[in-house]
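Thanks for passing this one along. Here are my notes, to be read with the model open.

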Amino acid sequence: MARIVSLAQAVAENVRDGDTVAMEGFTHLIPYAAGHEVIRQGRKDLFLVRMTPDILYDQLIGVGAARGMKFSWGGNPGVGSLHRFRDAVENQWPRPLEIEEHSHAAMANAYEAGAANLPFATLRGYIGADLPKVNANIRSVTCPFTGEVLAAVPAIRPDVTIIHAQRADRKGNVLIEGIVGVQKEAVLAAKRSIVTVEEIVDELAPPSPNSVVLPSWAVTAVAHVPGGAFPSYAHGHYPRNNAFYIRWDEISRDRETFAAWIRENVLDATPEDFARHAAIIAAKVA
Amino acid sequence: MTDFTANEMMTIAAARELSNDDVCFVGIGAPSAACNVARLTHAPDITLIYESGTVGTKPDVLPLSIGDGELCDTALFTVSVPEMFRYWLQGGRITTGFLGGAQIDKFANLNTTVVGPYEHPKVRLPGGGGAPEIASNCGRIFITMALTKRGFVEKLPFVTSMGHGEGGNHRERLGLKTNGPTRVITDLCVLEPDPETKELTVVSTHPGVSREQIIENCGWPIKFAEIVIETPAPTETELSVLRDINARTRKAHASTGTAKEAA
C-alpha cells in the first residue's frame, strides 16, 4: 500500500545515490517539485531515464546530480536547446554525462516491456538510421514465425519512478487524466515509485471505468504537492507556463545565471513554494 | 498581389499539400503551422495527430510543445504514448508524416542529432524523438524547412531518420513498403525526389525567386526538373488564416498559458 508522506520523506526513503531514476511526463504533469527535492537532498551519481528530458533534467544535469542519461529527445520544446545538457555533452561540465540515446518508439516500447516484466522490447524501428551504430543497446531479433528482423532494446527497469498526478484518495489510489504519456508504464516498470498529486480527496471518483488509475498497492509513496508540475501543467488545474519555458533559454545559457537560479528557486525553496502556481490560476479561474 | 514573406509562402505551400483524407502525424514548429493552416482553410476534416497521444486535435493556437493542454482539450481522443507509437504509427494507420529538421541531404535523409562526431559533438542537437519511426511507418513524408547552405548539406554528419538513404531503391532494399519523403517544401521552392535516382529536384519555384537564389542557398549542386512551375502566390484567405493563428499564438505564449486555459 502506498504511504502518504511529505515529499521530503518520500525522496529520502526512495531515491538513493547511484539509482536509475525515471521522472516521466510527456510535456504534461512533469514532477518538478519532486525533482527539486532530489536536488535539495543532494542525491548524486543518478542515471536518469526519460523520453523527453526537458528543463527538469537540464537542472539535474546542471547541478551535477547525474552520471548518465537514457533518452529519446533532449530539447526545450518549441524553444531550442537544453543548454546545461549541451554543456555536459560538449564540454563535460560540470561532469561528463554518459548518454544512451533511443527513439521515442523504442523508449515507449521499453517502458511497456518493463511494466510487462519482459527482458526486452521489439519494434519495427531504426530502419536506415544511424543510432544503432552508436548505441550498443539497440540490437535485433528475428521473428521465429516470419523470419522478419526487428529492432530490440532492453526493458527499462528503474530503481525508482517519480511522476505527478491530478489526485489521490486517502488510501493512496492515484488518478491521471489528459495526456497520460508513459507514466503508468514507468511506475509499473519500477521497483519503487513516488507520486506527487495536486490534491488528496476522500473519494477518487474516476470519471470513467476506463480512467487511468494506479492502485495504492502498485505505488510506494504519495505526497501532496499542489502546483508540483509547474512550469509544466496539470490538466484541469493550471496551464503550461510557456513563457517560463521561453525564459529558461536565457537562464540556462550561462553557468552563473543558472547557478543563481538554482540557489534561489531550488536550494533556498521548499515544496510548498509550488502551491502559489496552482493558487494563482485557481484565483484567475474563480 | 498582397505582400507576403518567404516564410509565409513556405507554410502556405506546405499546407496545400494536405487534404481532408489525410491522417497526419504532425511535427512541432513549421509542420504544425502548415497542418493547422490546412485544417483552417481547405482541409477542415483532416485528422491531426501529435506524438503526445492527441488524435484528431483542433488547436485554436499553435502549441509550443507537442503536448500543450490545448491539443488534449480539442482532441477527439487522447491515448498513451506507447499506444500512439505501437497501434497507430507502427500499426500503419498514419497516411502522412510531416517533419522538419536541422539538416537534410539530397536524398531527404534528416539530421537532428549532432553536428560533428557523435562522441564529441560540436553541437549537440535535441535528437530524433519520434522521427526515425515516423519516417519509416507513415505512408509518405512531407518535410518543410528553409533552404539554407547550413541546412541543405552534401553529407550529413548523422542520419537521424532515413529518407531515401543512398538513393535509388534503397528503401525497398531495406524492406520498407512506405513511400518515404515525397515533397520537401522550402521558403524558396518545392522539391521532389527524382522518380529513379530519388535525388531531390526543384519542381516549383515560389513567386519572385530566381534559380540563382536557389542554387546559392543549397549545399549541393541542386538539379531542376524538366518542367518547373511557379508556385501560386498565397491567397488573401490563406494569408489571413496564417496571420491570425500566428497572432493568437504569440499572445497565448507570452501569457501564462493558452487563452482558453487562463480565461
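1. Let me begin with helix H3 (residues 55-62) of chain A, which is mostly covered: eight of its eight residues are buried (20 or more other C-beta atoms within 10 Å of a residue's own, C-beta atoms being placed from the backbone). Those buried in H3(A) include A:Ile55, A:Tyr57, A:Asp58 and A:Gln59. Just after H3(A), A:Gly64 has a positive phi of about 85°. Helices here are DSSP runs of H or I, at least four residues, and strands are runs of E, at least two, numbered from the N terminus.

2. A word on provenance: this is a predicted model, where local features need pLDDT of at least 70, side-chain atom pairs count only at pLDDT 80 or more, and totals for chains, interfaces and linings use all residues. Residues are numbered from 1 along each chain as its sequence is written, with chains lettered from A and ligands numbered from 1 in the order in which they are written.

3. On to the interface: 48 residues of chain B are in contact with 47 residues of chain A (C-beta atoms, placed from the backbone, within 7 Å). On the chain B side, H4(B) gives the largest share, six residues.

4. Chain B also has an open sheet of 10 strands with mixed pairing, ordered S4-S3-S2-S1-S5-S10-S11-S12-S13-S14; strands pair if DSSP finds at least two bridges between them. S4 (77-78) and S14 (223-230) of chain B are at the edges with a single partner strand each, so one side of each lacks a neighbour in the sheet.

5. Strands S2 (residues 47-50) and S3 (residues 54-55) of chain B pair antiparallel over two bridges. B:Tyr50 has B:Thr54, in S3(B), as its bridge partner.

Conventions
Buried ≥ 20, exposed ≤ 12 C-beta atoms within 10 Å, placed from the backbone. Contact = placed C-beta atoms within 7 Å.
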